[in-house]
Amino acid sequence: AEGPTLANIAVTLGILGDPASVDLLIDFVQRGSGQLSREAYAARTSAVMALGYLVNVSSDARALKYLQDSADPQAWDRRSVAWGSPFGQSPADRNQQLAEVAVLGLALTGKPEAAATLRQLAARKDAGPSGDRVAQVASDALKEHEIVARDGLSAYYKRRLEIPGRRR
């Protein structure tokens, strides 16, 4: 029944920063099977990103480790994720998409440990096509991470809203 609002619920749980939400978010991301709708997929990826918000607020070590591990596309197979992305043809495509979302979640943390992971990922330019994509996303995410670490999430989002020509 909450389908249309699940993505917002996940993000809200992350922004609130309560470590008690970590298991709930992780379970939500990993459970289920079959081909997801766009709405359900958005909710799952929002839950991954929400862990970045949660780490920013609470410094939760489990959530940070989950994001760090999740930046490896093979992590999703090791976790036996059984649902399919509506945007990919294969589990490998889904894994790639989830790894990239995890990298973006790491940027939101603003934590030094996340920056170290992003630097390692960005340096892996010779890891094949999927490694190249993760490396590029990590390189871009590292720049955003630096802003979050320096200015905080509120200032980061305020700055993004003030970009000339950007619609609000």
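**Aromatic pairs and a helix contact**

Visitor: Which residues form one aromatic cluster here?

Guide: In this predicted model, one aromatic cluster is formed by Tyr-41, Trp-83 and Phe-87.

Visitor: And how many aromatic pairs does the structure hold?

Guide: The structure holds 5 aromatic pairs. In one of them, Tyr-41 and Phe-87, the ring centres are 5.2 Å apart and the planes stand at 65°, so the pair is edge-to-face.

Visitor: Where in the chain do Tyr-41 and Phe-87 sit?

Guide: They link distant parts of the chain, 46 residues apart, with Tyr-41 in helix α3 (residues 38-58) and Phe-87 in the loop between β2 (82-84) and α6. Tyr-41 is buried, at a relative accessible area of 8%, whereas Phe-87 is partly exposed, at 43%.

Visitor: What about the rings of Tyr-53 and Tyr-157?

Guide: Their centres are 6.4 Å apart and their planes are at 35°, so that pair is tilted.

Visitor: Is Tyr-53 buried or exposed?

Guide: Tyr-53 counts as buried because its relative accessibility is 12%, under the 20% cut-off, while Tyr-157 is partly exposed with 33%.

Visitor: Switching topic, at what angle do α6 and α7 pack?

Guide: Helix α6 (residues 91-109) and helix α7 (residues 112-122) pack at about 140°, with their axes 9 Å apart, and that angle makes α6 oblique to α7. Their crossing is left-handed.

Visitor: Which residues meet there?

Guide: Val-103, Leu-106, Ala-107 and Thr-109 in α6 meet Ala-114, Thr-117, Leu-118 and Leu-121 in α7. The residues of this contact comprise 6 nonpolar, 2 polar and no charged.

Definitions and conventions: Residues numbered from 1 in each chain as written. Predicted model: local features only at pLDDT ≥ 70, side-chain atom pairs only at ≥ 80, totals over all residues. Heavy atoms only, no water. Axes fitted to C-alpha atoms, helices over the stretch in contact; angles between N-to-C directions. Helix = DSSP H or I, 4+ residues; strand = E, 2+ residues; numbered from the N terminus. Parallel < 35°, antiparallel > 145°, perpendicular 65-115°, else oblique. Left-handed = near helix turned anticlockwise from the far one by under 90°. Contact = heavy atoms within 4.5 Å. Nonpolar A, V, L, I, M, F, W, Y, C, P; charged D, E, K, R; others polar. Phe/Tyr/Trp six-rings, centres within 6.5 Å; stacked < 30°, edge-to-face > 60°. Buried < 20%, exposed > 50% of the residue type's maximum accessible area, 1.4 Å probe, protein only.
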